[in-house]
Amino acid sequence: MKKIFYVLLFATPFIAFSQGFAKPEPLQQKNVTNTYFGTSLNDPYPFLEDLDDPGVVMWMKENANYANSILDNISGKKAMLDKMMELINRTSESISSLQITDDNTYFYSKRVPGEEISKMYKRNGCKGKEVLFFDPTAYKKEEGKT
């Protein structure tokens, strides 16, 4: 696996330059100086925060398309991603943030393969029955609250 990684790491720049993709134009800097607690900081790109500006959105899309065109031409990329997913899915559940209370109740977060977000469980003692008590994927936000 390491050999594949190193080959891809060193081969990617050569692949990119050999394909001849059109690189997007460099972004024009519009320097703004802000002072925070007596310290002046120069920021040449504060305008990138304005996602309502069509020029900013176009620049971001052009750069995303360029990056994707480079990344999509990495030979063996699909095989490498498939191998990574196989290794990720090979793992069993992951338990973290274990807290044991005075009455021997175990509280913990658990994530199983295929889930991106941990769920919160509890059990009475080490061998007690596991009970799901909070599932963030099923949590419904109340309107007007964050």
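In what order do the elements of the chain run from the N terminus on? The order is α-β-β-α-α-β-β-β-β, which amounts to three helices and six strands. Helices (H or I, at least four residues) and strands (E, at least two) are DSSP runs, numbered from the N terminus. The structure is a predicted model, in which local features need pLDDT of at least 70 and side-chain atom pairs count only at pLDDT 80 or more, whereas totals for chains, interfaces and linings use all residues. Residues are numbered from 1 along each chain as its sequence is written, and side-chain values use heavy atoms, with hydrogens and water left out.

The confidence of the prediction is expressed as pLDDT, the predictor's confidence in each residue, from 0 to 100. The chain has an average pLDDT of 82, and 82% of the residues score at least 70. Among the elements of the chain, the highest mean pLDDT, 93, belongs to strand β5 (residues 119-124), and the lowest, 55, to helix α1 (residues 2-19). Where pLDDT is low, the predicted coordinates should not be read in detail.

The accessible surface of the chain was computed by the Shrake-Rupley method with a 1.4 Å probe; for residues, only the protein chains shown count as cover. The surface comes to about 12,100 Å², and carbon and sulfur atoms account for 57% of this area. Residues are classed as buried under 20% relative accessible area, exposed over 50%, and partly exposed in between (1.4 Å probe, protein chains only). By this criterion, 14% of the 146 residues of the chain are buried. Contacts, defined as heavy atoms within 4.5 Å, were also examined along the sequence. Of the contacts between residues at least 6 apart in sequence, 19% join residues at least 24 apart.

A nonpolar patch on the surface consists of Leu81, Met84, Met85 and Ile88, which together have about 340 Å² of accessible area. Patches are made of residues with over 30% relative accessible area and no salt bridge; like charges are joined within 9 Å, and nonpolar side chains (Val, Leu, Ile, Met, Phe, Trp, Tyr) within 5 Å. Met85 lies in helix α3 (residues 77-90) and counts as partly exposed because its relative accessibility is 44%.

Phe47 is placed in the loop between β2 (39-43) and α2 (54-71). Its relative accessibility is 17%, and Phe47 therefore counts as buried. Apart from its neighbours within four places in sequence, Phe47 is in contact with Leu27, Gln28, Lys30 and Val56. Although Phe47 and Lys30 are 17 residues apart along the chain, their C-alpha atoms are separated by 7.7 Å.

Two residues of strand β4 were examined in turn. Thr105 is located in strand β4 (residues 105-111) and is buried because its relative accessible area is 7%. The side chain of Thr105 makes a polar contact of 2.9 Å with that of Asp103. A polar contact is a pair of N or O atoms within 3.5 Å; within protein, one must be able to donate a hydrogen and the other to accept it, and residues adjacent in sequence count only if both atoms are side-chain atoms. Not counting residues up to four places away in sequence, Thr105 touches Gln99, Ile100, Lys122, Arg123 and Asn124. Ser109, also in strand β4, has a relative accessibility of 14% and so counts as buried. Leaving aside neighbours within four places in sequence, the contacts of Ser109 include Ser94, Ile95, Ser118 and Lys119.

Eight salt bridges are present in the structure, each being a side-chain nitrogen of Lys or Arg within 4 Å of a carboxyl oxygen of Asp or Glu. One of them joins the side chains of Asp72 and Lys77 (3.2 Å, N to O). Asp72 is exposed, with a relative accessible area of 52%, while Lys77 is partly exposed at 25%.

Lys119 forms a salt bridge with Glu115, with the closest N and O atoms 3.1 Å apart. Lys119 counts as buried at 14% relative accessibility, whereas Glu115 counts as partly exposed at 25%. Lys119 also forms a salt bridge with Asp135, with the closest N and O atoms 3.7 Å apart. This pair links distant parts of the chain, 16 residues apart: Lys119 is in strand β5 and Asp135 in the segment after β6 (131-134). Asp135 is buried, with a relative accessible area of 19%.
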